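Visitor: Please walk me through this model. I want to learn how to read its features.

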Amino acid sequence: MIPILTEPRLARISAWLDLAFNLLGLVIVFGCVWAPPAPMPLLRLDRFGLFAAGLVIVAALGAGRGDGYGRKYVMLAGMLLAALAAHPLLRVAALALSTAAALEPHMRTGWHRVPFAGAGLGLLLFGTILPVSPLGAGCAILGLAVLAVAAPALLPVLPLLAARYAGPELVALGLLAVVGCGMALLLWPARRSYAPWVALGQAGVVAVAFGLPGPDAIFAGLVLLALLVLSQAARNLAAGNGLAALVASAGLAGLPPFGVFPGIALVLAAVAGASPWLLPPLLVGVAVLGWASIRDLPPPRLVVSDRWSAAWIPLLAGLLIGWCMPGAVAIWLHAAATGVHG
């Protein structure tokens with residue numbers, strides 16, 4: 001007797017296939033880390049590029065459930081190409097593809113994002129084709145920031161692209177993002193979409209680290225970005241408003257021990273060593289963002305699905321990276337930090 005493929009059963013099969021594809025992608029990335037492939041003319045397969053590719057695949061875990069896996073894979077392909085592209089114009093084209101896929105579900109209710117995202121892509125393209133100068137870097141950074149607001153789903157790759165334009169412009173924009181997102185959450189509490197604003201604020205802390213000179217600050221930014229992506233993946237995989245969702249949301253807000261807290265501590269230490277005068281405004285911004293996030297945390301509820309929730313996997317991975325990172329991984333990440341501007 002042939003089993004009937006009901007809609008719930010098809011949804012479960014699609015979810016398992018999606019998880020299998022993401023795990024296969026991670027296996028390929030780890031394989032490239034272990035045995036680097038031959039250089040390719042259009043792709044950047046160094047440590048930094050592979051780190052970016054791994055983050056994009058992790059960010060795809062749990063994302064896109066219920067709103068079309070095809071759109072998700074188009075967005076994922078564009079983000080991967082943007083992360084690995086060796087030519088600047090190829091990055092812009094890949095971002096345009098992933099932006100279109102990210103905005104497709106919002107065409108009816110959030111159509112205003114389309115011209116906003118177009119303006120961001122235009123600024124990025126203008127900054128890319130200009131000769132190397134503060135004006136070109138400023139336009140590119142501003143374009144990436146506009147894209148982050150218009151399409152928060154692209155957040156895992158946008159700070160990594162902005163890291164190529166390290167300097168005071170990136171630091172200033174990062175501080176503005178931290179304080180601005182915190183104030184937005186304080187002025188408009190209980191937002192249904194508060195999680196993207198929290199993630200944008202934490203990405204601002206990453207931008208501050210990437211804008212500072214020296215590999216130590218960039219290493220701290222890479223760690224924070226990895227913890228941010230893992231926290232977002234855990235929130236996507238968590239069921240409803242149970243305990244796993246609460247822990248993931250608290251980790252995203254910066255409450256220890258889960259989530260982004262160790263990465264924020266690393267960034268603050270790097271800022272104190274490189275530019276101590278930046279520490280007071282960054283601390284104020286992080287405090288405002290954290291307080292605004294804590295106010296919007298869901299109430300604690302223990303549900304049966306929490307026991308076997310896949311959200312605990314990225315949460316535990318974040319604990320490992322943040323508190324007891326293996327020495328070999330730290331050395332590899334330091335080497336990746338030195339290749340940011342390659």
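**Reading a helical model**

Guide: Leu228 is buried, with a relative accessible area of 1%. Buried means under 20% relative accessible area, exposed over 50%, and partly exposed in between, with a 1.4 Å probe and protein chains only. Leu228 sits in helix α10.

Visitor: What should I know about the model before going on?

Guide: This is a predicted model, in which local features need pLDDT of at least 70, side-chain atom pairs count only at pLDDT 80 or more, and totals for chains, interfaces and linings use all residues. Residues are numbered from 1 along each chain as its sequence is written, and side-chain values use heavy atoms, with hydrogens and water left out.

Visitor: How many helices and strands does the protein chain have?

Guide: First the terms. Helices (H or I, at least four residues) and strands (E, at least two) are DSSP runs, numbered from the N terminus. Here the protein chain has 15 helices and 0 strands. Of its 342 residues, 48% are buried.

Visitor: Which residues does Leu228 contact, leaving aside its neighbours within four places in sequence?

Guide: Contact means heavy atoms within 4.5 Å. With those neighbours set aside, Leu228 is in contact with Leu155, Ala199, Gln202, Ala203, Leu252 and Val260. Take Gln202 from that list. The C-alpha atoms of Leu228 and Gln202 are separated by 7.4 Å, though the two are 26 residues apart along the chain.

Visitor: Is Gln202 buried or exposed?

Guide: Gln202 counts as buried, at 2% relative accessibility. It belongs to helix α9 (residues 194-211). Not counting residues up to four places away in sequence, Gln202 touches Leu224, Leu228, Leu252, Ala253, Gly254, Val260, Ile264 and Leu289.

Visitor: And Val27, buried or exposed?

Guide: Val27 counts as exposed, at 56% relative accessibility. Its place is in helix α1 (residues 7-34). Between the C-alpha atoms of Val27 and Gly54, 27 residues apart along the chain, the separation is 9.4 Å.

Visitor: What share of contacts joins residues at least 24 apart?

Guide: Count contacts in the protein chain between residues at least 6 apart in sequence; 75% of them join residues at least 24 apart.

Visitor: How do I read a pair of packed helices?

Guide: Two packed helices are described by the angle between their axes and the distance between the axes. Axes are lines fitted to C-alpha atoms, for helices over the stretch in contact, and angles run from 0 to 180 degrees between N-to-C directions. Angles under 35 degrees count as roughly parallel, over 145 as roughly antiparallel, 65 to 115 as roughly perpendicular, and the rest as oblique.

Visitor: At what angle do α10 and α12 cross?

Guide: The axes of helix α10 (residues 215-237) and helix α12 (residues 261-274) cross at roughly 165° and come within 8 Å. That makes α10 roughly antiparallel to α12. The crossing of α10 past α12 is left-handed. A crossing is left-handed if the near helix is turned anticlockwise from the far one by less than a right angle, and right-handed if clockwise. On the α10 side, the contact includes Phe219, Val223 and Leu227. On the α12 side, Ile264, Leu266 and Val267 are among the residues. By class, this contact has 11 nonpolar, 2 polar and 1 charged residues. Ala, Val, Leu, Ile, Met, Phe, Trp, Tyr, Cys and Pro count as nonpolar, Asp, Glu, Lys and Arg as charged, and the others, Gly among them, as polar.

Visitor: How does α2 pack with α10?

Guide: Helix α2 (residues 47-59) packs with α10 at an angle of about 20°, with the axes 9 Å apart. The two are therefore roughly parallel to each other. α2 passes α10 in a left-handed crossing. Phe48, Phe51 and Leu55 of α2 are among the contact residues, as are Leu222, Leu225 and Val229 of α10. The contact of α2 with α10 has 11 nonpolar, 1 polar and no charged residues.
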